[in-house]
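Student: I'd like a close look at one part of this protein, please. Could you walk me through how some of its helices pack against one another, and then what surrounds the ligand?

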Amino acid sequence: MSGGKNRFNRITSKEWLPFQKSWFKYTDPTDWIRSNFRFFTTLEATSYQVFYQGPDLDIATREAKELGFEVINDLSDATEQIQFALIDLRSAVESLSFEEWNELKTKTLNTVSELFSLMVHRRFLMVAMPNLYIDGSYFPVAWDLANTIGMQYTLKDEKIACLEGDDVPVESDHFHPAKGHFYCLYFRKDERSGEHRMVHRDFFQRNSQPKLRVHADSEIPSWFILKPQRRNKKEVQHPAKYPEDLAEMFVQTFSQKGENVFDPMSGTGSTQISAVKFGRNGYGTELSSFFADIARDRVLSYIFQEVNAGRDQDVEADIIHADAFRAKELGFPKQHLLITSPPYWDMLNMKGAENQAKRIKKGLLTNYSDDDKDLGNVADYHDFIRKLTKLYFELIDMLVPGGIMVVVVKNIKKKGKNYPFAWDLGAILQEKMHLLPEVFWLQDDISIAPYGYGNTFVSNTFHQYCLIFQKPN
Ligand SMILES: C[S@@+](CC[C@H](N)C(=O)[O-])C[C@H]1O[C@@H](n2cnc3c(N)ncnc32)[C@H](O)[C@@H]1O
């Protein structure tokens with residue numbers, strides 16, 4: 001932990017680290033209300049007030065009292081500046097109509113706007129809420145609200161609150177992952193406030209929910225932690241592989257034996273291995289010949305090994321060394337499921353990043369390739385998003401009607417700025433596909449770095465979005 005005086009809050013350096021993890025499990029709101037109050041308030045500023053709006057005012061008042069400051073839930077009661085504000089919309093957004101949501105959104109934006117002038121400079125506002133089904137369609141209301149508030153404040157961070165305990169079965173005709181989560185969205189009033197510009201056009205494409213081909217032998221939870229398998233000497237050369245377990249879950253849920261699974265950016269072939277393991281055919285493209293060879297070798301060795309062991313493998317696999325933009329012309333059959341993860345913009349070219357420094361030391365590759373066609377080498381964020389979504393829009397043609405596309409991504413923090421990559425993709429892709437509830441792959445095997453210690457909140461992003469879309473029938 002880097003030294004220096006803690007000017008931001010009153011917790012010890014030991015407590016600072018766990019709070020920085022970008023996801024947490026909870027059973028009772030007391031835990032996260034308390035931990036947020038503790039993290040975002042300072043002892044020096046006990047004369048400042050804290051704002052709480054939501055269903056658990058009793059808990060908030062009690063927790064605040066223990067920390068020695070006062071909670072208000074009506075801005076007209078503000079007698080001091082506000083050092084932390086928590087707007088808890090979890091229960092307010094349950095089963096709303098579209099009109100009711102719009103009303104609540106306007107009301108919340110008015111409150112947030114009024115709060116702005118009362119907030120202490122460089123202190124935080126948090127909004128707690130999930131995305132929602134409204135009138136039978138899934139709407140990314142949390143992403144929309146975050147983008148809108150981020151135009152006045154600075155959108156700083158997010159944490160995923162994961163409901164622990166028994167799964168709550170949901171009576172629904174729609175795809176509904178088990179368990180449940182909500183977003184803790186963090187904004188700061190600071191010198192950059194007002195700079196954010198939205199990339200996408202519209203978060204709300206009002207598509208009616210299609211009939212979903214979901215195969216019940218695997219129930220997908222809304223969040224999951226995977227134990228990473230050991231990677232062999234070749235696989236470890238790839239800087240950003242996802243675990244086969246992850247792809248397997250989607251293969252089992254969204255495809256059937258004999259159907260086709262595709263990955264346009266195959267990397268080390270995780271998608272295809274997961275497909276053939278469950279009797280599906282695995283296809284794909286990969287721009288780097290080095291990784292395309294690794295992927296092909298891995299998938300074919302797996303099939304041969306199964307055949308040699310007497311386990312008949314009536315499957316096909318084909319990974320072509322090619323630019324994904326050419327996939328449509330390469331003669332692949334129609335696909336039932338597409339599982340993929342793109343380059344996370346040009347983050348691998350940030351050679352100073354801690355992980356990159358470690359890889360250089362070990363003599364490992366730090367990026368996918370130096371090829372201009374590698375989307376990981378597109379330096380401008382807007383250009384990157386435009387190219388990537390153009391590719392995905394083209395790939396929709398390869399899917400059968402009702403086919404599913406799963407995209408594994410995360411929101412990106414670069415040079416102190418937040419780029420909501422996952423939300424931007426989700427918002428744009430739903431122009432042509434139905435957005436289904438997102439699920440989270442939570443990473444629990446990476447050591448936490450003490451970013452911002454003593455100064456501000458910067459989380460370690462240990463959650464990856466699995467965005468799920470369905471091609472209309
Ligand atoms: C996040 S990695 C995919 C990792 C893969 N899911 C795995 O588990 O191994 C992204 C991949 O996209 C590839 N890529 C980048 N631009 C591409 C393009 N235009 N066409 C095809 N592949 C591309 C990179 O070479 C890299 O292997």
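Tutor: H6 crosses H7 in a right-handed way. Keep in mind as we go that this is a predicted model. Helix H6 covers residues 244-254, and its axis comes within 8 Å of the axis of H7, with a crossing angle of roughly 50°. H6 and H7 are therefore oblique to each other. On the H6 side, the residues that touch are Glu-244, Ala-247, Glu-248 and Val-251, and they meet Ser-270, Thr-271, Ile-273, Ser-274, Ala-275 and Lys-277 of H7. Sorted by class, this contact of H6 with H7 holds four nonpolar, three polar and three charged residues.

Now let's follow H7 to another neighbour. Helix H7 spans residues 270-277 and helix H8 spans residues 289-308; their axes come within 9 Å and cross at roughly 15°. Because angles under 35 degrees count as roughly parallel, H7 is described as roughly parallel to H8. The crossing of H7 and H8 is right-handed. The contact of H7 with H8 is made up of five nonpolar, two polar and two charged residues.

In the side chain of Thr-268, an N or O atom is 2.7 Å from an oxygen atom of the ligand. The side chain of Asp-323 has an N or O atom 2.9 Å from a nitrogen atom of the ligand. Leu-375 takes part through its backbone, with an N or O atom 3.1 Å from a ligand nitrogen atom.

Finally, here is another helix pair to set beside the others. Helix H10 (residues 381-395) and helix H11 (residues 421-429) have axes that come within 11 Å and cross at roughly 45°. H10 and H11 are therefore oblique to each other, and H10 passes H11 in a right-handed crossing. Tyr-381, Phe-384, Ile-385, Leu-388, Thr-389, Tyr-392 and Phe-393 of H10 make this contact together with Phe-421, Asp-424, Leu-425, Ile-428 and Leu-429 of H11. By class, the contact of H10 with H11 has 10 nonpolar residues, one polar and one charged.

Notes. Residues are numbered from 1 along each chain as its sequence is written. This is a predicted model: local features need pLDDT of at least 70, side-chain atom pairs count only at pLDDT 80 or more; totals for chains, interfaces and linings use all residues. Side-chain values use heavy atoms; hydrogens and water are left out. Axes are lines fitted to C-alpha atoms, for helices over the stretch in contact, and angles run from 0 to 180 degrees between N-to-C directions. Helices (H or I, at least four residues) and strands (E, at least two) are DSSP runs, numbered from the N terminus. Angles under 35 degrees count as roughly parallel, over 145 as roughly antiparallel, 65 to 115 as roughly perpendicular and the rest as oblique. A crossing is left-handed if the near helix is turned anticlockwise from the far one by less than a right angle, and right-handed if clockwise. Ala, Val, Leu, Ile, Met, Phe, Trp, Tyr, Cys and Pro count as nonpolar, Asp, Glu, Lys and Arg as charged, and the others, Gly among them, as polar. A polar contact is a pair of N or O atoms within 3.5 Å; within protein, one must be able to donate a hydrogen and the other to accept it, and residues adjacent in sequence count only if both atoms are side-chain atoms. Contact means heavy atoms within 4.5 Å.
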